[in-house]
Amino acid sequence: MAELKEVNVILGENIKQIRIKQNITREQLAERINVSPRFLADVESGKVGASLTTLKKLSMVLNVSADYLLGLEKFDEKNIYLNLIENKLKNLDSEVLAEVDCILDSIIKINNIN
């Protein structure tokens, strides 16, 4: 068997780790990024790499940077939550965003008191 490329192994391990942490099945993730579950299994095992298009889709669906998936950046669970929140806020109008800002200020104030 050919030696697995280090970057493919890192990519596969990171995809699997985040997928499991987010309670997403391999089949669900494969469907969301338009690949077969078998192909995704091969990527997760490091047998094959992913195209830039697939890497971009993985990054968007898993809410992590491509740099993290490729092993160039350390995992920070806080970044996942920040990305999730950012994606939720993108489509809100200015009035609702102002309300969210006030709510966040209240939460921060409460946390600083405790």
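## Model confidence

In this predicted model, confidence in the chain is lowest in helix α6 (residues 77-89), with a mean pLDDT of 79, and highest in helix α3 (residues 37-44), at 98. Here pLDDT is the predictor's confidence in each residue, from 0 to 100. The chain averages a pLDDT of 90, and 95% of the residues score at least 70. Where pLDDT is low, the predicted coordinates should not be read in detail.

Local features need pLDDT of at least 70, side-chain atom pairs count only at pLDDT 80 or more, and totals for chains, interfaces and linings use all residues. Residues are numbered from 1 along each chain as its sequence is written, and side-chain values use heavy atoms, with hydrogens and water left out. Helices are DSSP runs (H or I, at least four residues), numbered from the N terminus.

## Helices α1 and α4

Helix α1 spans residues 6-21, and helix α4 spans residues 52-62. Their axes come within 11 Å and cross at roughly 25 degrees. That makes α1 roughly parallel to α4 (an angle under 35 degrees). Axes are lines fitted to C-alpha atoms over the stretch in contact, and angles run from 0 to 180 degrees between N-to-C directions. The crossing of α1 past α4 is left-handed: the near helix is turned anticlockwise from the far one by less than a right angle.

Which residues of α1 and α4 meet? From α1 come Leu 11, Ile 15, Ile 18 and Arg 19; from α4 come Leu 55, Leu 58 and Leu 62. By class, this contact has six nonpolar residues, no polar ones and one charged residue. Leu and Ile count as nonpolar, and Arg as charged. Contact means heavy atoms within 4.5 Å.

## Ser 59

Ser 59 is also part of helix α4. Is Ser 59 buried or exposed? Its relative accessibility is 15%, so Ser 59 counts as buried. Buried means under 20% relative accessible area, and exposed means over 50% (1.4 Å probe, protein chains only). Leaving aside residues up to four places away in sequence, Ser 59 touches Val 64, Ser 65, Ala 66 and Leu 69.

## Two loop asparagines

Most residues other than glycine have a negative phi. Asn 23 has a positive phi of about 55 degrees. Asn 23 lies in the loop between α1 and α2 (26-32). At 69% relative accessibility, Asn 23 counts as exposed.

Asn 34 also has a positive phi, near 60 degrees. Asn 34 sits in the loop between α2 and α3. With a relative accessible area of 62%, Asn 34 is exposed.

Key:
Angles under 35 degrees count as roughly parallel, over 145 as roughly antiparallel, 65 to 115 as roughly perpendicular and the rest as oblique.
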